[in-house]
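Take a look at the chain below before you read on. This report walks through its folds, its charged pairs and its surface.

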Amino acid sequence: MSAPVPPSGLPTHPGQPGRGRRRDRRGRGMRGPALLPSPLAPAGVPAARSPKEAFDAIVVAVIEELESRWAAELGLVEFAVEETPMVPDDWDADTVPLASLVRGTGGAPSRLVLFRRPIELRAATRSDLSAMVLTVLVEQVSELIGRPPEEVDPRYDSDED
């Protein structure tokens with residue numbers, strides 16, 4: 001015979017009527033998922049985004065805005081996100097590049113690559129990360145189309161590094 005189940009739905013401990021079982025044994029914190037599964041997400045898919053997915057979502061949002069404004073001037077551009085840049089062994093600069101722009105030649109499209117880890121390491125908060133992604137993309141698009149960054153996006157702040 002199983003233990004009685006109170007109206008709350010939590011099983012009771014034997015010898016402790018009416019008290020639910022604790023999931024925080026030995027003071028280690030909550031057990032189990034911190035977020036309940038979403039009915040829209042397939043089984044086994046976490047409800048929270050990974051840092052990589054969150055970064056990609058920010059990049060896609062900024063790119064969509066820039067492309068909607070500058071589609072004619074941009075032409076064919078391939079956007080990409082990579083974890084880190086491949087710097088040569090003789091790299092002597094004090095900083096790591098945040099992005100790379102390779103202009104297209106002939107039928108090949110221009111390629112603009114953002115480097116996720118260097119950008120994330122310079123941002124303290126999610127809003128800093130969004131501002132940094134905006135700044136880097138606006139500067140790269142500005143260089144590509146030959147217009148000042150302030151014209152490319154009015155939210156661009158030239159004081160940011």
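Here, a residue is called buried when its relative accessible area is under 20%, exposed when it is over 50%, and partly exposed in between (1.4 Å probe, protein chains only). The model is predicted, so local features need pLDDT of at least 70, side-chain atom pairs count only at pLDDT 80 or more, and totals for chains, interfaces and linings use all residues. Residues are numbered from 1 along each chain as its sequence is written, and side-chain values use heavy atoms, leaving out hydrogens and water.

**The overall picture**

The chain has four helices and five strands. Helices (H or I, at least four residues) and strands (E, at least two) are DSSP runs, numbered from the N terminus. In sequence order the pattern reads β-β-α-β-β-β-α-α-α. Of the 161 residues, 27% count as buried. The chain exposes about 11,300 Å², an area found by the Shrake-Rupley method with a 1.4 Å probe; for residues, only the protein chains shown count as cover.

A contact means heavy atoms within 4.5 Å. Take the contacts between residues at least 6 apart in sequence: 55% of them join residues at least 24 apart.

**Charged pairs**

Side chains of opposite charge can pair when their charged atoms come close. A salt bridge is a side-chain nitrogen of Lys or Arg within 4 Å of a carboxyl oxygen of Asp or Glu. How many salt bridges does a search of the whole structure find? The search finds 10. Three of them are listed here.

| Pair | N to O distance |
|---|---|
| Aspartate 153 and arginine 69 | 3.4 Å |
| Glutamate 73 and arginine 147 | 3.5 Å |
| Arginine 116 and glutamate 120 | 2.8 Å |

Start with the pair of aspartate 153 and arginine 69. Aspartate 153 lies in the segment after helix H4 (149–152) and arginine 69 in helix H1 (residues 51–74), so the pair ties together parts that are 84 residues apart in sequence. Aspartate 153 is buried, at 0% relative accessibility. Arginine 69 is partly exposed, at 40%.

Next comes the salt bridge between glutamate 73 and arginine 147. Glutamate 73 is in helix H1 and arginine 147 is in the loop between H3 and H4, so this pair links parts that are 74 residues apart in sequence. Both count as partly exposed: glutamate 73 at 39% and arginine 147 at 29%.

Arginine 116 is buried, with a relative accessible area of 9%. Glutamate 120 is buried too, at 15%. Elsewhere, salt bridges that share partners join Glu65, Arg69, Asp153 and Arg155 into one network.

**A buried glutamine**

Is glutamine 140 buried or exposed? Glutamine 140 counts as buried because its relative accessibility is 14%. This residue belongs to helix H3 (residues 126–145). Leaving aside residues up to four places away in sequence, glutamine 140 touches Ala99, Ser100, Leu101 and Leu112. Leucine 112 is 28 residues from glutamine 140 along the chain, and their C-alpha atoms are separated by 7.5 Å.

**An exposed aspartate**

Aspartate 90 sits in the loop between strand E3 (77–82) and strand E4 (99–102). Its relative accessibility is 63%, so aspartate 90 counts as exposed.
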